[in-house]
Amino acid sequence: MSEKLLEIKDLRTSFRIKDDYYAAVDGVNLTVNKNEVLAVVGESGCGKSALAFSVMGLHTRAKIEGNIMFKDKDIANISPSDLNKIRGKEMSMIFQDPLTSLNPLMEIGEQIAEVLLLHNKQLSKEQRKEKVIELLNKVGIPRPEQVHGQFPHELSGGMRQRVMIAMAIANEPELLIADEPTTALDVTIQSQILELINDLKQDMNAGIILITHDLGVVAEMADRVAVMYAGQIVEIADVHTLFTNPKHPYTRSLLNSVPNSNEAQDKLHVIQGIVPSLQNLPREGCRFSARIPWVAESEHEDHPELHEVNDGHFVRCTCYKHFDFPDNEEEQQHGIS
Amino acid sequence: MAFLEVKDLKVHFPIKGGIFGRTVDHIKAVDGVSFELEKGKTYGLVGESGSGKTTTGRAIIGLNNITSGSVTYEGQDITNIRRAKSSVRKDIQMIFQDPYSSLNPKKRVLDIVAEPIRNFESMTKKEERIRVQELMELVGLSPESILKYPHEFSGGQRQRIGIARAVALKPKLIVADEPVSALDVSVQAQVLNFMQDIQKELDLTYLFIGHDLGVIKHMCDHIGIMYRGRYVEEGTVNDIFTNPQHIYTKRLVAAIPDIDPNKRAEQRAFRKEVQTEYEQSFNDYFDEEGLAYDLKPISDTHLVALPEKG
């Protein structure tokens with residue numbers, strides 16, 4: 001029933017630090033279907049943005065291994081000029097910070113028109129302007145004729161993010177990657193932007209990769225969710241399963257550390273330790289084991305793999321079977337008896 | 001007597017214009033805000049960016065000049081905090097938003113945390129070092145790390161250094177300006193738990209400025225909602241979250257993403273409803289300039305900015 005749009009196969013994106021390469025995205029397999037929002041969740045440094053940039057081919061110095069099948073082309077291994085024909089047209093990206101992603105010296109209208117011009121040389125100048133105003137209207141910008149001639153600094157944060165979205169959807173892409181599209185925005189504007197992205201999914205039948213660290217946003221938007229930790233996917237499931245029956249210790253810890261606006265909790269859960277830096281990432285065994293020291297070593301796998309626990313619900317490593325939250329600090333130190 | 005009382009606080013910034021740089025107009029960042037803090041409690045100041053919540057906090061601690069109004073701390077007028085007694089200035093400290101830019105990268109942790117001690121207390125080098133080590137232990141960092149530099153710490157650890165600096169002088173009131181906005185959820189949880197712990201331990205009062213309503217609800221006892229420099233609603237956590245009266249508050253509460261995906265459709269419908277109400281009745285809740293009216297009590301704890309009836 002669902003049509004496959006993007007298939008990422010064993011993707012490994014490595015960055016060079018001094019003389020060695022370190023994989024920030026380490027063996028990721030993912031599919032995105034049409035008319036679907038796939039959320040990628042994780043803390044800073046888990047590789048979620050590196051993954052998005054790899055798909056868009058925006059890494060200039062990274063070493064990328066594996067395949068990224070977009071429709072029937074492998075976009076991880078094609079020439080830059082071929083990629084440019086797809087990028088901005090069939091797939092596009094909404095960036096996190098709308099102020100630094102827009103050109104401050106260029107009128108809003110011109111910036112959006114540029115995207116149209118690059119992929120469609122037939123349009124006349126007037127037609128392009130008409131199209132731009134139509135786009136500004138579509139993303140809910142009031143007085144589009146006036147905004148057309150304004151510069152980014154004259155607009156508020158929410159308006160700038162709408163301009164970014166207008167640019168991203170200018171050529172009606174089939175795949176849209178939204179990298180923390182609402183992190184810099186206030187809640188009321190966030191809900192409007194999310195509503196807008198949701199409408200686009202339905203109108204254009206597009207596949208959307210939503211990258212975020214806000215679990216509330218995930219619960220509201222996603223169809224499927226992939227949780228990333230230290231460059232790997234640790235759990236993937238549909239949104240209802242992930243929130244009602246999370247398995248992996250990391251997913252459960254994350255969900256427990258959110259101040260839930262519905263019920264008063266006394267203490268928030270804290271994950272021990274810190275996210276390891278790229279160079280210090282454990283490459284052997286379960287990468288999360290250092291943060292749940294009360295789970296015995298023998299309960300982790302030597303080479304953790306994704307196990308299908310239910311239809312479409314994958315969990316990495318077997319440690320989830322033995323995981324429970326410790327009741328007090330002593331248990332956290334010495335293990336649950 | 002209230003612990004801290006803010007009365008009709010106004011902070012206006014001049015807009016300079018013309019060739020002589022004369023003041024042509026004012027931006028009314030804070031325009032008539034009054035509230036009281038209770039000792040040992042947490043008071044949340046909420047609003048969108050540009051609502052004047054940070055300016056209010058900064059004005060209390062003396063980082064912005066107060067145009068008019070008064071701030072009273074334990075019965076003493078501290079509106080002009082630079083002239084206030086140093087004992088009062090010691091009592092009020094601040095935690096800043098961004099742990100990456102609020103610590104001097106060229107200073108060691110020892111010097112960062114000891115700075116307020118050096119300003120207000122005379123200690124020998126040795127005493128100072130011991131005090132800083134105690135503080136590091138209090139915030140859960142190893143005492144040996146006092147010789148490190150800020151870049152050697154993670155975001156959550158840095159924010160704890162900022163907290164150690166704020167509590168170095170055993171203050172009674174801490175103004176926390178979005179202390180967790182720059183942090184990941186799990187680190188955020190760590191800092192929030194920790195702030196609650198030291199609150200109990202040191203009997204602190206917080207003025208907690210934030211825009212994340214989930215965090216505000218978790219931390220605060222009383223909440224004030226600001227819009228364009230004025231209060232629209234004030235009350236206890238319950239008043240605000242279960243019984244919001246002002247349309248602006250309703251819209252803000254409705255916009256919080258719900259963590260339960262099963263309620264998605266419901267939440268979306270509710271939000272649409274509130275948005276329609278907001279658009280239709282905006283003029284009933286705000287005056288001709290789009291500003292909030294004065295607050296009127298509707299119960300003992302709950303105040304709402306509603307227009308005069310009739």
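Trainee: What does UniProt list for residues 4–253 of chain B?
Mentor: The unreviewed UniProt entry gives that stretch of chain B as "domain: ABC transporter". UniProt positions are given in the numbering used here, feature names are shortened, and annotations may be inferred rather than shown by experiment.

Trainee: Before I go on, how should I read the model and the numbering?
Mentor: The model is predicted, so local features need pLDDT of at least 70 and side-chain atom pairs count only at pLDDT 80 or more, while totals for chains, interfaces and linings use all residues. Residues are numbered from 1 along each chain as its sequence is written, with chains lettered from A and ligands numbered from 1 in the order in which they are written.

Trainee: Back to 4–253 of chain B, how far apart are the end C-alpha atoms?
Mentor: They lie 27 Å apart, and the span is 37% helix and 28% strand. Helices (H or I, at least four residues) and strands (E, at least two) are DSSP runs, numbered from the N terminus.

Trainee: Which way do strands E1 and E4 of chain B pair, parallel or antiparallel?
Mentor: Antiparallel: E1 (residues 4–17) and E4 (residues 68–73) of chain B share five bridges. Strands pair if DSSP finds at least two bridges between them. Glu5(B) sits opposite Thr72(B) of E4(B).

Trainee: And what do E4(B) and E5(B) form?
Mentor: A hairpin, with two residues between the strands. E5(B) covers residues 76–77, and its pairing with E4(B) is antiparallel over two bridges. Tyr73(B) has Gln76(B) as its bridge partner, and in the turn Glu74(B) has a positive phi of about 45°.

Trainee: Switching to helices, which residues of H3 in chain B are buried?
Mentor: In H3(B), residues 109–120, they are Val109(B), Ile112(B), Val113(B) and Ala114(B). Buried needs 20 or more other C-beta atoms within 10 Å of the residue's own, exposed means 12 or fewer, and partly exposed is in between, with C-beta atoms placed from the backbone.

Trainee: What do those pack against?
Mentor: Helix H4 (125–138) and helix H5 (155–167) of chain B.

Trainee: How many residues does each chain give to the contact between A and B?
Mentor: Chain B gives 28 and chain A gives 30. Two residues are in contact if their C-beta atoms, placed from the backbone, lie within 7 Å. On the chain B side, the largest share is six residues from H6(B), which runs over 185–202.

Trainee: How do the chain B residues there divide by class?
Mentor: Eleven are nonpolar, nine polar and eight charged. Ala, Val, Leu, Ile, Met, Phe, Trp, Tyr, Cys and Pro count as nonpolar, Asp, Glu, Lys and Arg as charged, and the others, Gly among them, as polar.

Trainee: Now chain A, how is that divided?
Mentor: Into domain 1 (1–90 + 174–280 + 304–324) and domain 2 (104–170); such bounds come from an automatic or database domain assignment. The C-alpha centres of the two domains of chain A lie 28 Å apart. Their contact takes ten residues from domain 1 and eleven from domain 2.

Trainee: Last one: why does Pro326(A) count as partly exposed?
Mentor: Because Pro326(A) has 18 C-beta neighbours inside 10 Å. Pro326(A) is in the loop between strand E12 (313–316) and helix H12 (329–334) of chain A. Ile292(A) is 34 residues from Pro326(A) in sequence, yet their C-alpha atoms are 9.6 Å apart.
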